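Here is a short briefing on one predicted model. Please look over the fold before reading on.

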Amino acid sequence: MPNSPSTRNDRRWTLVIVCTATFMLLLDLTVVFVALSRIQVDFHSDLGSLQWVVDAYTLPLAGLLLTAGTLGDRIGRRRVFLAGMALFTAGSLGCALAWSSLALDMTRAVQGVGGALLFGVALPLLGEAFLQPRERAAAIGAFGATMAAATAVGPLVGGYLVEGPGWRWIFLVNVPIGVATLIAGRLRIRESRAATARGIDVPGAVLLIAGLFALLLAIIRGNDEGWGSAPILALFAGSAVLLTALFVWEARAAEPMLDLRLFARPYFLGVAVAVFAMFGTLVAAANYLALYVANTLGFSPSATGLRFLPLTIAAFVTAPVVAGLAERVPPRWTIGGSLGLAAVGLWMMAHLDGDSRWTALLAGFVVAGIGLGAGAAATSNATLSLVEPSRAGMATGTVNTMRQTGLAAGVAVLGAVFQRRVGDSMNDQLAATVLPHDVINALSKAVGSGAGVHPAAALPGVARQRVAEAARAATSAGLDDILRIGAIAAGACAVIALITIRREAPAQQVSELPSLTASADTAAHPPAHST
């Protein structure tokens, strides 16, 4: 690729525009954390409705990322990027104007579709623009820092917007930025596509979205409906059938959106497990940590965001450092180590009780933030090293699908554990009080929905204090459970990553996957010692 000033200028613009779009769409994964308590009050939402504020966004992200990558390979990545930005901006405006929980969830889904198109072509656009290993490492460092910063800074930005103009502005602020990015992308990003692109796998995309939707709905509704109830069992069965059909279809399709042979390669399997675990544990748990800081400890939205600042700074500083080590440190250590740090950080937070202050989370925030930043940079670089830039759509799309699937599943599973633990604890603590049984059940459900001590405000003096104490203890117990579960899961996946990810694996996999790659070793990935 010629190294003329105009070419360098185009590359810089591509990096800035892609990072801006990535920041916006990942910010919207976490910016809602501190807004959930206000949304809950405005729309009288239960925990299930709050979970769908997150999962309605992540579900289309997970289900359409692979299709978006393939679509970009086929019709042009710039074209798909611009379409995604237009949809994301329109969805953001719809969220700002939502009049109910259902309307908010539906417009969040529109955001998610746009985000899938953006994210599906983000890394392939960078891979095509930055062919030299050192330049690519720098670009991936910036991309990883952007991902880490957006994921971590969301609560801080959201806090000030929610406390200032209101929670609707966490979405409305996207509109002018989206319009500006759309114009810049049209003027500055060069079009690129694969020389021989695959067809669009519509049945695969439908089966994936439908199967994940049924699974998430079953998990989210399980506590309320009863895990052995006919509707929940039917949803689990339907999800199993749909996801099984997906794997059968992908194994037999002439041009599948997901090449299942990728998961037979230890290197790729390790990367996929790592991103799934990072978002399914640490990032998912951040939803409930934000509710705890705001509703149980009583901090304002902006103060809640500030309490997440140690995690933000740690992630932002770590990402470019780890990206710069890509040529010297094998990816098994950076990726496995990042998950290990996330596990340690989660475990350090899991010692809460009714008297705990926010500082009990501080050390864990720092350690987990280092893991989050390291993981964002390391997995992005490792994914691009698997394939040549012109065939990057499927590999990066698969990894990003695992990332969003992990978040959606983590929010649902951890939420179910949290709701059950908090509800049981509230019932046990209030059983000996004079409060009527139906009042105890209502209070247990409200606190289990993440409302913290707020339900106690409607009660008279002595009862108010007793219920507030019970709510603090119950919420702390619920958080301890999900933090420990997250720590154990992240630790186990760190071991898997250390075992499966090997330095020589990318070169082997590229040569063994003719449907994904051609012979472009020099441009596609560095030598084995620097991968």
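Glutamine 51 counts as buried because its relative accessibility is 3%; buried means under 20% relative accessible area, with a 1.4 Å probe and protein chains only. The model is predicted: local features need pLDDT of at least 70, side-chain atom pairs count only at pLDDT 80 or more, and totals for chains, interfaces and linings use all residues. Residues are numbered from 1 along each chain as its sequence is written, and side-chain values use heavy atoms, without hydrogens and water.

**Glutamine 51**
- Glutamine 51 sits in helix H3, residues 47-75 (helices are DSSP runs of H or I, at least four residues, and strands are E runs of at least two, numbered from the N terminus).
- Beyond neighbours within four places in sequence, glutamine 51 contacts Ile220, Tyr288, Val411, Ala412, Gly415 and Ala416 (contact: heavy atoms within 4.5 Å).

**Helices H14 and H18**
- H14 (residues 331-349) packs on H18 (residues 461-500) at about 165°, with axes 8 Å apart (axes are lines fitted to C-alpha atoms over the stretch in contact, and angles run from 0 to 180 degrees between N-to-C directions).
- The two helices, H14 and H18, are therefore roughly antiparallel (angles over 145 degrees).
- Residues making this contact include Trp333, Leu339 and Trp347 of H14, and Leu483, Ile488 and Cys493 of H18.

**Whole protein**
- The protein has 20 helices and zero strands.
- Of its 531 residues, 61% are buried.
- Among contacts with a separation of 6 or more, 85% join residues 24 or more positions apart.

Technical notes: Buried < 20%, exposed > 50% of the residue type's maximum accessible area, 1.4 Å probe, protein only. Parallel < 35°, antiparallel > 145°, perpendicular 65-115°, else oblique.
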